Amino acid sequence: MIAGVNIDSLASHQITLEDPARAAARPRDFEGQLRHSLSPRRPASMNDDCTSMNFLSRATVAIRPYRPSDRPTVFRLLSVLPSLYPGGTSWLDHRLDDVLGGKARCTVAVTDGAPVGITIETPKEPHKLKLSTIYVCPSFRGLGIGTRLLRQCGENWLKGDIEQVSVTADVRRTGTVLPLFMSFGFRPIAIERGRYGPDRDEMVFTWLLDNQ
Ligand SMILES: CC(C)(COP(=O)(O)OP(=O)(O)OC[C@H]1O[C@@H](n2cnc3c(N)ncnc32)[C@H](O)[C@@H]1OP(=O)(O)O)[C@@H](O)C(=O)NCCC(=O)NCCS
C-alpha cells in the first residue's frame with residue numbers, strides 16, 4: 001500500500017478525462033480549468049511547454065510503456081529540460097537509449113497517439129531507484145494523469161525489490177510537485193544548494209518502503 005493510494009483498486013489503464021466524480025470534487029477554479037482543457041479544439045497557450053501538441057481532441061488517456069516511436073514527441077514534451085538541467089537534451093537522449101536497453105524504465109500517458117505525460121525511472125544501487133523525471137504537459141494537468149503515472153511506478157516498486165526511491169525537483173517548481181509526491185508518501189529530506197547552477201537549488205524527496 002502506498003500512502004493514500006489503494007493500488008489494488010487499479011482496474012483499467014484507460015480513463016475518461018471528463019470524470020464527473022473527480023470534477024465534482026474539484027474546487028471551483030479547478031472545474032474551470034478542467035472545462036477549459038476539455039474544449040474540443042483549444043489552441044495551446046503560448047506559455048505551454050508543449051505547444052506542438054496543439055489541440056486536445058479526444059478525452060481519453062492511456063498509460064503504457066515507452067515505445068521507440070514516441071521519441072520525437074517525448075523530446076517536444078520535455079522541451080523544458082534544458083532550461084532546468086544543463087545538458088538536459090543529451091541526458092534525455094542517453095536515458096531513452098537506456099530505456100530501450102532495459103537499463104531504465106519509461107512510462108508514458110498517451111492521448112491521440114502522442115505522449116502528454118511521462119515518468120522515467122532509473123535503478124541506482126540494489127533496491128534503490130531514482131524517479132528521474134515526472135512531467136505532464138501543462139494543458140493536461142489537474143486531470144489525474146500525474147497520479148496515474150506515479151501509481152503505475154509505485155506498483156512496479158512494490159512488485160519488485162525496491163525499498164527506496166528518490167526524486168528531486170527545482171525548488172521554484174515544488175508547488176506543482178509537492179501535493180502529488182506527498183500523497184504517495186514521498187517526504188522532502190534536503191535541499192541541494194546550487195546543484196545545477198548558482199540559482200538552481202533542488203529539493204530532494206525520498207520514498208521508503210518501510211514507511212508505507
Ligand atoms: C507534478 C505534475 C506531474 C502533476 O501532474 P498532474 O497530471 O497535474 O497531477 P494530478 O492531476 O494527478 O494531480 C495530482 C495532485 O496535484 C495537485 N494539483 C494538480 N493540479 C492542481 C492545480 N491546478 N491546483 C492545485 N493543485 C493541483 C492536487 O493535489 C492533485 O491531487 P488531487 O487530484 O488528489 O487533489 C505536473 O504538475 C507537472 O508535470 N509539473 C512539473 C513537473 C516538473 O517540473 N518536472 C521536472 C521536469 S522533468
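Reader: Where is the place of Lys130?

Author: Lys130 lies in strand E5, a strand being a DSSP run of E with at least two residues and a helix a run of H or I with at least four, both numbered from the N terminus. Residues are numbered from 1 along each chain as its sequence is written. The model is predicted, and local features need pLDDT of at least 70, side-chain atom pairs count only at pLDDT 80 or more, while totals for chains, interfaces and linings use all residues.

Reader: Is Lys130 buried, exposed or partly exposed, and why?

Author: A residue is buried if 20 or more other C-beta atoms, placed from the backbone, lie within 10 Å of its own, exposed if 12 or fewer, and partly exposed in between. Lys130 is partly exposed because 16 other C-beta atoms lie within 10 Å.

Reader: Which residues does Lys130 touch, not counting those up to four places away in sequence?

Author: Contact requires C-beta atoms, placed from the backbone, within 7 Å, and Lys130 touches Thr122, Lys124, Ser166 and Val167 on that count. The C-alpha atoms of Lys130 and Val167 are separated by 5.8 Å, although the two are 37 residues apart along the chain.

Reader: Which residues of H6 are buried?

Author: In H6 the buried residues are Ile145, Gly146, Arg148, Leu149, Leu150, Cys153, Gly154 and Trp157. Leaving aside neighbours within four places in sequence, Ala109 is in contact with Ile145, Arg148 and Leu149, among others.

Key. Two residues are in contact if their C-beta atoms, placed from the backbone, lie within 7 Å.
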